[in-house]
Amino acid sequence: EEMNRRAARELAMKCVFQMEAQNEFEKENAEKLLRSADMGEQKEYILRVIDNICKNRDGVDEAINACSKGWPVSRMAKADLAIIRVAACEILFMDDIPKAVAINEGVELAKRYGSDQSPAFINAVLKKIG
């Protein structure tokens, strides 16, 4: 079955989560983590997200910290952080993805992977970034 964009976002988020866990934000590490995934037509999108996060993580995290009211990146739940980084990256660097889509998809991922508070928190942070 062909991977759709939502599944691609989920894979990108899981990869970013792993990179954070390993504290290893290199493109080569991401490619290793993604090697077994069958990305199909979504490969370019996934690698663009990962590449942008690897290159711009400090800037992305600064934008998140500026918009997360007393919840710095260092204190966020790791799943929430991975979701926010992917969506923030889309908002900040990927002009072909509408901001509303990036925000909505982040909220959907939060419903699946976050705590009860995650969807509202992620929505608020991403709306400020956007």
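Contact is defined here as heavy atoms within 4.5 Å. The model is predicted, and local features need pLDDT of at least 70, side-chain atom pairs count only at pLDDT 80 or more, and totals for chains, interfaces and linings use all residues. Residues are numbered from 1 along each chain as its sequence is written, and side-chain values use heavy atoms, with hydrogens and water left out.

Asp80 lies in helix H4, residues 78-93, helices being DSSP runs (H or I) of at least four residues, numbered from the N terminus. Leaving aside residues up to four places away in sequence, Asp80 touches Gly114, Ser118, Phe121 and Ile122. Asp80 and Ile122 are separated by 42 residues in sequence, and their C-alpha atoms are 7.2 Å apart.

Two acidic residues are set out below; Asp and Glu count as negative, Lys and Arg as positive, with His and the chain ends not counted. Buried means under 20% relative accessible area, exposed over 50%, and partly exposed in between (1.4 Å probe, protein chains only).

| Residue | Relative accessibility | Class |
|---|---|---|
| Asp80 | 8% | buried |
| Glu28 | 53% | exposed |

Although buried, Asp80 has no salt bridge, and Lys78, the nearest side chain of opposite charge, is 11 Å away. A salt bridge requires a side-chain nitrogen of Lys or Arg within 4 Å of a carboxyl oxygen of Asp or Glu. Glu28 belongs to helix H2, residues 27-34.

Definitions and conventions
Helix = DSSP H or I, 4+ residues; strand = E, 2+ residues; numbered from the N terminus.
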